[in-house]
Amino acid sequence: MTELARQSVTAAKWGLFSSVAKFVMQLLVNIAIARLLGPDAYGLFALATIGLLVATFLSEVGLGWSLMQRETLDDEVIRFVFTWQCLSGLVGLLFMLLAAEAMAEFLRDPRLAEVMRWLGLCCLLNGVAATATNLLRREMRFRELAQVQLLSYLLAYVLVGLPMAFLGHGVWSMVSAWVLQSVFGLFLSYRARPHPLRLRFRTGQAREFFDLGATVLLTNLCNWALTNADRLILGRIAGTQAAGLYAVGYNLATVPNSLMISALQPAFLASGARLQDDLPRLAKGYREVQSFIWIVLAPLFAILAVAGTEVIAVLYGPAWQSSGLVFVFLAAAMPAYLAWALSTPVLWNTGRKRLEMLLQLPLLVLALPAFYAAASRGSAAVAAVAGLLFLARYLVTLLPAWRALDLSATAWAGMFLHGLLACAVVAAPGLLLAAPLQTLPAWLAGMLKASACLIVWLLIVLVWPKMLGQAALSLLQRFMPKGSALGRAWAKRCV
């Protein structure tokens with residue numbers, strides 16, 4: 001294995017560790033806060049974060065991505081990026097202050113304005129922290145990055161968010177936790193990766209930075225519209241109660257995915273940037289990643305979908321029962337979301353940066369009326385449209401990425417069909433048990449269905465790993481322990 005491959009695997013391992021740890025923390029915290037707040041307050045905060053995401057894009061501008069893309073860096077470049085990240089953070093804060101009333105009026109809830117104003121502080125704090133964070137990603141120091149993310153989340157929510165929610169402070173418990181998480185993240189990231197703090201407004205490569213930053217910003221805004229149009233439209237038509245019910249199912253389905261994306265996409269982007277002149281190796285890595293998603297991970301999401309309604313009922317209680325189908329539809333669509341996110345680095349590393357936005361704009365035009373039509377039929381209908389949109393986004397991004405790496409369409413079709421078959425085999429026991437288990441308590445029925453499916457998945461991965469195919473197996477082998485007797489026995493089964 002080459003040094004770059006070792007670095008990439010190490011980075012991905014730490015990213016996955018961080019993702020799992022953060023998912024467990026977020027799951028426990030979200031369950032506790034959702035139960036304490038109820039759908040209305042939870043929905044109010046979820047709608048406020050829609051505006052925060054736009055402001056966050058403004059506060060980060062995309063200049064940080066240029067730090068990962070450049071082959072060499074010096075203090076002049078770092079100072080230049082840091083200066084404009086700070087200024088863009090101020091722009092994000094101003095956006096939240098000025099857009100708060102308009103957002104509250106659009107969503108027909110005056111409480112939203114004050115929440116958005118306070119969340120605007122996150123834009124400034126995240127903008128200041130972005131340089132250190134992206135330098136850690138560039139240097140593939142994902143261990144330190146994982147520590148920053150986990151510690152800042154733990155301090156903010158365990159010390160502040162949960163106690164405030166328990167004491168009845170409602171939506172402000174989550175607002176306080178978000179702002180404090182950004183404060184802790186700023187100090188911890190700079191401590192892990194110090195850099196010059198003197199401001200510098202000009203540099204010899206300014207045009208290159210701003211061109212890349214503008215592309216990232218426009219792409220992020222397009223992605224924001226595609227990812228958040230469902231909640232925005234549902235909130236306007238059905239109110240904060242429906243938005244809260246939708247947000248719980250949406251968050252539970254997407255949080256593990258979002259964490260994996262935040263861990264794996266930067267690692268893939270950083271390593272891919274070093275392979276821009278070695279397309280065969282980049283193609284091999286991309287095919288392994290895509291096979292791993294569809295053949296190894298997709299069946300796990302299928303298990304979540306099979307037991308989805310019981311999962312919501314057990315974790316959140318009867319007040320959130322309507323979130324069950326939302327979770328089912330979105331969990332089934334998550335492999336497409338993850339596969340899309342790990343296709344975009346290929347476009348960026350093969351000179352096709354603008355295609356990510358241009359190919360998705362027609363989907364946005366089609367999605368808006370579809371969401372409006374679905375919103376009047378309830379949150380589950382909106383989730384079904386959102387799931388189809390994830391699949392469409394993946395397909396339109398996949399085609400140019402696959403072509404850029406000179407991979408055959410038949411290879412992708414074989415991989416995708418292989419993945420669908422794996423999902424069907426793993427999900428079958430749970431589907432067959434659904435009717436006989438209807439009379440049992442939700443927790444027991446869900447546990448039995450999920451356990452039956454998980455046993456099948458484990459049998460495939462551990463006992464018959466060759467059924468996964470060489471591409472998926474090649475990536476899986478890098479993450480399996482090799483020193484133990486179990487690891488050596490499993491390695492023999494792969495031959």
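Biologist: Does Asp109 count as buried or exposed in this structure?
Modeller: This is a predicted model, in which local features need pLDDT of at least 70 and side-chain atom pairs count only at pLDDT 80 or more, while totals for chains, interfaces and linings use all residues. Residues are numbered from 1 along each chain as its sequence is written, and side-chain values use heavy atoms, with hydrogens and water left out. Buried means under 20% relative accessible area, exposed over 50%, and partly exposed in between, with a 1.4 Å probe and protein chains only. Asp109 has 9% relative accessibility, so it counts as buried.

Biologist: In which loop does Asp109 lie, and which residues is Asp109 in contact with, leaving aside neighbours within four places in sequence?
Modeller: Helices (H or I, at least four residues) and strands (E, at least two) are DSSP runs, numbered from the N terminus. Asp109 lies in the loop between helix H3 (75-106) and helix H4 (111-138). Contact means heavy atoms within 4.5 Å. With the neighbours within four places left aside, the contacts of Asp109 are Leu44, Ala104 and Thr240.

Biologist: What is the relative accessibility of Asp406?
Modeller: Asp406 is found in the loop between helix H13 (379-404) and H14. Phi of Asp406 is also positive, near 60°, in a residue other than glycine. Asp406 counts as exposed because its relative accessibility is 72%.

Biologist: How are H8 and H14 oriented to each other, and which word describes that?
Modeller: Axes are lines fitted to C-alpha atoms, for helices over the stretch in contact, and angles run from 0 to 180 degrees between N-to-C directions. The axes of helix H8 (residues 279-306) and helix H14 (residues 409-434) come within 8 Å and cross at roughly 20°. Angles under 35 degrees count as roughly parallel, over 145 as roughly antiparallel, 65 to 115 as roughly perpendicular and the rest as oblique. H8 and H14 are therefore roughly parallel.

Biologist: What is the handedness of the crossing of H8 and H14?
Modeller: A crossing is left-handed if the near helix is turned anticlockwise from the far one by less than a right angle, and right-handed if clockwise. The crossing of H8 and H14 is right-handed.

Biologist: Which word describes H9 relative to H15?
Modeller: H9 passes H15 in a left-handed crossing. In the contact, Glu310, Ala313 and Val314 of H9 meet Ala442, Trp443, Ala445, Gly446 and Lys449 of H15. The axes of helix H9 (residues 308-316) and helix H15 (residues 442-463) come within 9 Å and cross at roughly 135°. That angle is why H9 is described, relative to H15, as oblique.

Biologist: What is the relative accessibility of Gly308?
Modeller: Gly308 has its place in helix H9. Not counting residues up to four places away in sequence, Gly308 touches Gly324, Phe327 and Val328. Gly308 counts as buried because its relative accessibility is 0%.

Biologist: How many disulfides are there?
Modeller: A disulfide is a pair of cysteine sulfur atoms within 2.5 Å. By this rule the number of disulfides is 0.

Biologist: What share of the residues of the chain is buried?
Modeller: The chain has 17 helices and 0 strands. The chain has 495 residues, and the share that counts as buried is 56%.
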